[in-house]
Amino acid sequence: MNDSTVAVFYIARGIDAGLNSAKEFVEAWSRHPPEHAHQLYFLAKGWKSELQHQKLVQLAQSCDAKLLDLPDTGFDFGAYFRALPQIEEKWVCLMNSYAKPNTPGWLRLLSQSARTTGNGIAGATGSWQSLGWSPLKQGSISATAATALSNIINCANWKKFQSFPNPHLRSNGLVIEKCLLEQFAKNSKFPKTKNEAFQLESGINGLSMFALDNHCKLVICGADGKEYPIEKWPFSVTFRSHEQQNLLVTDNRTHEYIASSKNRRRKLADLAWGRNNVRMIRESPKNTTPFLHNTRRTKCPACDMYCADPFLNSRDYNRQISTHTFDYWKCSECEMVFIDPIPEDISKFYSGGYQEIPDNLLSLERMAKKEAYRLSPLLRHKEHGDILEIGPWIGIFSLNAKRRGFRVSAIERDPHVCRFLRQVVEINATETDDVVGELQNDNKKYDAIILWHSLEHLAKPWIVIQQASHRLKVNGILIIGIPNITSTQAELLGAKWLHLDAPRHLYFWSPRGLRKLGMKNGLSVLELHTRDRLSRVLERNAWQHRIQGIIGNRFTRIFLSLIAPPLLSLFFLKNGGAGITVVFRNDGPADPTERKCDAP
Ligand SMILES: [Zn+2]
């Protein structure tokens, strides 16, 4: 436990919410991890059936929650007050029986906001609603008819609640410093009636007023990671506005709004924000929606954390095998761009392969001659030895390397191509699509391992790199070529960039991300290029492809395809060309004596 660990108080009430609510809470909790140091507590109250209670105990165990059995009096605040002396954490998060985390990292965001100097408290939702009688100030008598009626019944309420606007943080999804809540508990009457419980939340002596008196700022924290001060609450899109897209924690009230008809929604919004503000919110959706694309985050499979933001959506523009849209995400930690989810039937997108299998060795040799330049990164560092090419397809690179005297092995997933590699190219080819497994089983060490524009197709490429680094001899090199997703060309052409090639290309890295990936696996960077010959070829192809896609007239098209690419490439040098080529080296163990034993 550290100073910022948060005790999450979840009220598990047997009578009104029951086991189902608790299950839904746990389900949402695991789907949207808090991403912040915490201890979960189930505040159990009102469980009449021993069997049900036993099931709750099991449920608590399933998510490492501590269960505190409390008397069934005092409503939610009573339970929070009673639980406080039993914990050691310095921060508390209040969650009612119907609470459900709605976004990964919700506790991290709330806790960050609450711990910001001068805040001391932060909520997922707040409201300006007053339970006192103030329809005239809200500018709407009809909207508050229900409130008015309830006030006639309880005519003393106008004294206990500030009239509208009555800003208060709602006590669900609320993070607060423990000592502040303890002080509040000491100063408050233990709630005996529902009305007294409401007063603790939004009354003149309620928690929000108490926090303000103690120099706290009342802020709402949204799923976009932004803090909203009181005057911006109506536009935070967290509570009773639009689709509440910016909400970190949902509850019965937020569900009620979503499930309501248009008219009812308007009335609920009127109550929370006042009629004039509701009109403003409704009429200026543009002011409130631009950040909404930021509210979704997903898990980076390499980092195993929810740190990836939406990058772009694309379709299979190159082969048009389906009209499905594919989502790409970018991890803010490792800078990997990845497709998520990976289509289940990925093999169907490969039908037809990349290049036709040539009829004989002679035609392959003709192709290989044109691409002999691709050998240069290898020849700069190695003259001979054992090399392994992963994903060679028809083996153009492998053939060139073999002609130069290298002993070549290959891993390839296509059975027809494998047969061709063995019989025609005459190299040792292993047929498998489990590259990681194959590398783990292989004890042989190589002078060079080559991933020539194949890494972006492989499953779990970060583990492929890790395993490949183990298969390198000391001073062995790993050569990787991938499309450059951060090139200016990729930025300009976006979803229609030829080398995005959705959904066949599953993973990309920025040059910096690729560098990090190698170094993380103990490899040093010998060279990294984004403007080598291959990169220029890729760039020219992509410009031509795009121009041909836009311009209908055949002659203009041919003319532009020849003239424009080199010019465009000149103008857009800034972020490098369309491909990255990197050469890593296994420098071997730091200890020189050890190096000797390992040397080939
Ligand atoms: Zn990552």
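This is a short tour of one predicted model, stop by stop, with what to select at each.

**Before you start**

Residues are numbered from 1 along each chain as its sequence is written. Because the model is predicted, local features need pLDDT of at least 70 and side-chain atom pairs count only at pLDDT 80 or more, while totals for chains, interfaces and linings use all residues; side-chain values use heavy atoms, with hydrogens and water left out.

**The whole chain**

Show everything as a cartoon to begin. The chain holds 25 helices and 24 strands; these are DSSP runs numbered from the N terminus, helices being H or I with at least four residues and strands E with at least two. Of its 600 residues, 54% count as buried (buried means under 20% relative accessible area, with a 1.4 Å probe and protein chains only). Among contacts between residues at least 6 apart in sequence, 73% join residues at least 24 apart; contact means heavy atoms within 4.5 Å.

**The eight-stranded sheet**

Now colour the strands of the open sheet, which run in the order E3-E2-E1-E4-E9-E6-E10-E11 with mixed pairing. Two strands pair if DSSP finds at least two bridges between them. At the edges, pairing on one side only, are E3 (66–69) and E11 (227–228).

**Strand E1 and its partners**

Select residues 6–13, strand E1. Is E1 mostly covered or mostly uncovered? It is mostly covered, with eight of its eight residues buried. On one side sit Val6, Val8, Tyr10 and Ala12, and on the other Ala7, Phe9, Ile11 and Arg13. E1 runs parallel to E2, joined by eight bridges, and pairs in the parallel sense with E4 (residues 91–95) over five bridges. Zoom in on Phe9: its bridge partner in E2 is Tyr41, and in E4 it is Leu94. Val6, meanwhile, stands opposite Trp91 in E4.

**Ser171**

Ser171 lies in the loop between E8 (168–169) and E9 (174–177) and is buried, with a relative accessible area of 12%. Leaving aside neighbours within four places in sequence, Ser171 is in contact with Phe77, Tyr80, Leu94 and Glu201.

**The zinc site**

Select the zinc ion and its protein donors: the SG atoms of Cys300, Cys303, Cys331 and Cys334, lying 2.3 Å from it. Donors are N, O and S atoms within 2.8 Å of the metal (3.2 Å for Na, K and Ca). Angles of 106 to 113° among the four donor atoms make the site tetrahedral, a label that asks for all angles between 85 and 135 degrees. Along the chain the donors follow the spacing C-x2-C-x27-C-x2-C. Cys300 is in strand E13 (residues 298–300), while Cys334, 34 residues apart from it, is in the loop between E15 (325–331) and E16 (336–339). Both Cys300 and Cys334 are buried.

**Last stop: strand E21**

Finally, select residues 472–483, strand E21. Eleven of its twelve residues are buried, so E21 is largely enclosed by the rest of the structure. E20 (residues 446–452) pairs with E21 in the parallel sense over six bridges, and Leu478 in E21 is the bridge partner of Ile449.

How values were computed. Tetrahedral: all angles 85-135°; square planar, octahedral: opposite > 155°, others 65-115°. Buried < 20%, exposed > 50% of the residue type's maximum accessible area, 1.4 Å probe, protein only.
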